[in-house]
Structure formats: C-alpha cells, structure tokens
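Please consult the sequence and the structure while reading.

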Amino acid sequence: MLKILVAEDDRNLARYYEMLLGQWNCETIVEHTGTDAIHRAATFQPDVALLGVVIPEMGGVEAA
C-alpha cells in the first residue's frame with residue numbers, strides 16, 4: 001500500500017485528494033500547514049508527499 005502525505009490548506013481540496021487516493025487503496029494522511037506536514041512526515045514516513053505551494057506557516061517548496 002502506498003503511503004501519501006497531503007499538505008493542503010484548502011480543506012475541500014484536501015478532502016477530495018483523500019477520497020480519490022483512498023479509492024486507489026492508498027493510505028493517506030492530510031495536514032493543513034507546512035509545519036504540521038514536516039512533523040507528520042517524521043512519524044508517518046510517506047512514500048509520496050503532495051504539497052501545496054502556498055500553505056500556511058511554511059510553503060510546500062520550503063517543506064520539501
């Protein structure tokens with residue numbers, strides 16, 4: 001099972017990603033800030049991270 005971390009501040013879009021990736025049997029965790037995504041990545045250890053470019057506290061580029 002592919003583990004995916006989604007960092008997106010638009011809650012509707014984040015929910016859509018979670019639903020879509022769930023249909024593809026991916027284990028998905030959603031965070032809404034760059035800082036929270038960094039902290040979650042340390043414990044979740046995702047295979048892939050989908051990061052919004054402009055998200056609170058730390059942008060996706062900086063988080064990557």
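Helix α1 (residues 11–23) lies across β1, β2 and β3 and runs at about 175° to β2. Helix α2 (residues 34–44) also packs on the sheet, where it touches β1 and β2, and its direction makes about 170° with that of β1. Contact means heavy atoms within 4.5 Å; axes are lines fitted to C-alpha atoms, for helices over the stretch in contact, with angles from 0 to 180 degrees between N-to-C directions. Helices (H or I, at least four residues) and strands (E, at least two) are DSSP runs numbered from the N terminus.

The model is predicted: local features need pLDDT of at least 70, side-chain atom pairs count only at pLDDT 80 or more, and totals for chains, interfaces and linings use all residues. Residues are numbered from 1 along each chain as its sequence is written, and side-chain values use heavy atoms, leaving out hydrogens and water.

The open sheet has three strands in the order β2-β1-β3, with parallel pairing (at least two DSSP bridges between two strands). Its edge strands each pair on one side only.

| Edge strand | Residues |
|---|---|
| β2 | 27–31 |
| β3 | 48–51 |

Strand β1 (residues 3–7) pairs with β3 over four bridges, and isoleucine 4 stands opposite valine 48.

Glutamate 8 is located in the loop between β1 and α1. The side chain of glutamate 8 reaches the backbone nitrogen of aspartate 10 at 3.1 Å.

Note on methods. A polar contact is a pair of N or O atoms within 3.5 Å; within protein, one must be able to donate a hydrogen and the other to accept it, and residues adjacent in sequence count only if both atoms are side-chain atoms.
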